[in-house]
Amino acid sequence: MSTASETTLPVDTPESPFVSTEWLAANLGAPDLVVVDASWHMPNSGRSGAKEYLAEHIPGAVHFDIDTIADHSTPLPHMLPDAHSFAVAVGALGIGDGLRVVVYDSVGLFSAPRVWWTFRAFGAGDVKLLDGGLPKWKAEGRPLEDGPVRRLPASFTPRFDHSLVADIERVDQALKTGSAQVLDARQDTRFRGEAPEPREGLPSGHMPGSFNLPHGLLVKDGRLVPPAELRKAIDGSGLDLARPVITSCGSGVSAAILWVALEMVGKQPLALYDGSWTEWGASGKEIAVG
């Protein structure tokens, strides 16, 4: 049973993962602030985050493509790059040491948490998510621009925290020994093996002993659900927040939504399983259904 706290962290506080659209509007253009558009969509969605960024984005925002800034030596999708490659890529975007970073996406809260978590894993000191993302910004009639944004190159010093990233063997051992719980963000029918995976040839089902908390229960209208709904969803997963948690999903994107939700109720996850179900389901390791 969850032991989630009775309140969630307020937006615009140092402890919160989120800043408000009001805060960003007031600080937009500050020389030490970089806005990052992290828009990305599932391959079968028919949408392109890069194209949507070029069509409209928050003024001054650069685009972070998780399929481009990734480890291209593996067939697994958008796995974390090595520290040097990450530093070179974000430096080319004009993101360097000592800068504040605010990340958003075009859905509201989907791919932005993955990029937020990535910056944190590589040691960024001040990185936040925009509450409500681009939909809220647009609904409030705030300014937009189109086309690419080019910032002066910068120097980013990576301080990669390997402990935040779980590989398949670490997850396997956690499940076998009970040293950590694995929380899966996929749709419940995929988790139970009743619906196909979006990636062709990949079986559905789940890691034996893992828990399920579909990310769709946590997000409404591009924002985290209200505190009472958030606590109810976490309680319903069966997770014990007194014990370590590794977050997972289909390919390591919505696992970061779980990370944000857990932080908002005062629980710091242990790690994120980068390969997630795409790796596990194809690995030959045991799969549970039902």
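Biologist: Which residue lies over the face of tryptophan 277?

Modeller: This is a predicted model. A charge sits over a ring if CZ of Arg is within 6 Å of the ring centre and within 35 degrees of the ring normal. At 4.4 Å from the ring centre of tryptophan 277, the residue over the face is arginine 186.

Biologist: How many aromatic pairs are there, by this rule?

Modeller: Rings of Phe, Tyr and Trp pair if their centres lie within 6.5 Å. By this rule the count of aromatic pairs is eight.

Biologist: Are the rings of tryptophan 40 and phenylalanine 110 stacked or edge-to-face?

Modeller: Their centres are 6.0 Å apart. Planes under 30 degrees apart count as stacked. The planes of tryptophan 40 and phenylalanine 110 stand at 20°, so the pair is stacked.

Biologist: How many residues apart are tryptophan 40 and phenylalanine 110?

Modeller: Tryptophan 40 sits in the loop between β2 and α2. Phenylalanine 110 sits in the loop between β4 and α4. The pair links distant parts of the chain, and the two are apart by 70 residues.

Biologist: Is phenylalanine 119 buried or exposed?

Modeller: Buried means under 20% relative accessible area. Phenylalanine 119 has 0% relative accessibility, so it counts as buried.

Biologist: Which side chain of opposite charge is nearest to lysine 267?

Modeller: Lysine 267 lies in the loop between α9 and β12. A salt bridge needs a nitrogen within 4 Å of a carboxyl oxygen. Lysine 267 is buried yet has no salt bridge. At 7.4 Å, the nearest side chain of opposite charge is aspartate 240.

Biologist: Which backbone oxygen does the side chain of lysine 267 reach?

Modeller: Lysine 267 touches several residues, including Pro244 and Leu262. Its side chain reaches, at 3.0 Å, the backbone oxygen of leucine 241.

Key. Residues are numbered from 1 along each chain as its sequence is written. This is a predicted model: local features need pLDDT of at least 70, side-chain atom pairs count only at pLDDT 80 or more; totals for chains, interfaces and linings use all residues. Side-chain values use heavy atoms; hydrogens and water are left out. Helices (H or I, at least four residues) and strands (E, at least two) are DSSP runs, numbered from the N terminus. Buried means under 20% relative accessible area, exposed over 50%, partly exposed in between (1.4 Å probe, protein chains only). Lys and Arg count as positive and Asp and Glu as negative; His and the chain ends are not counted. A polar contact is a pair of N or O atoms within 3.5 Å; within protein, one must be able to donate a hydrogen and the other to accept it, and residues adjacent in sequence count only if both atoms are side-chain atoms. Contact means heavy atoms within 4.5 Å. Rings of Phe, Tyr and Trp (its six-membered ring) pair if their centres lie within 6.5 Å; planes under 30 degrees apart count as stacked, over 60 as edge-to-face and the rest as tilted. Lists of a residue's contacts leave out its neighbours within four places in sequence.
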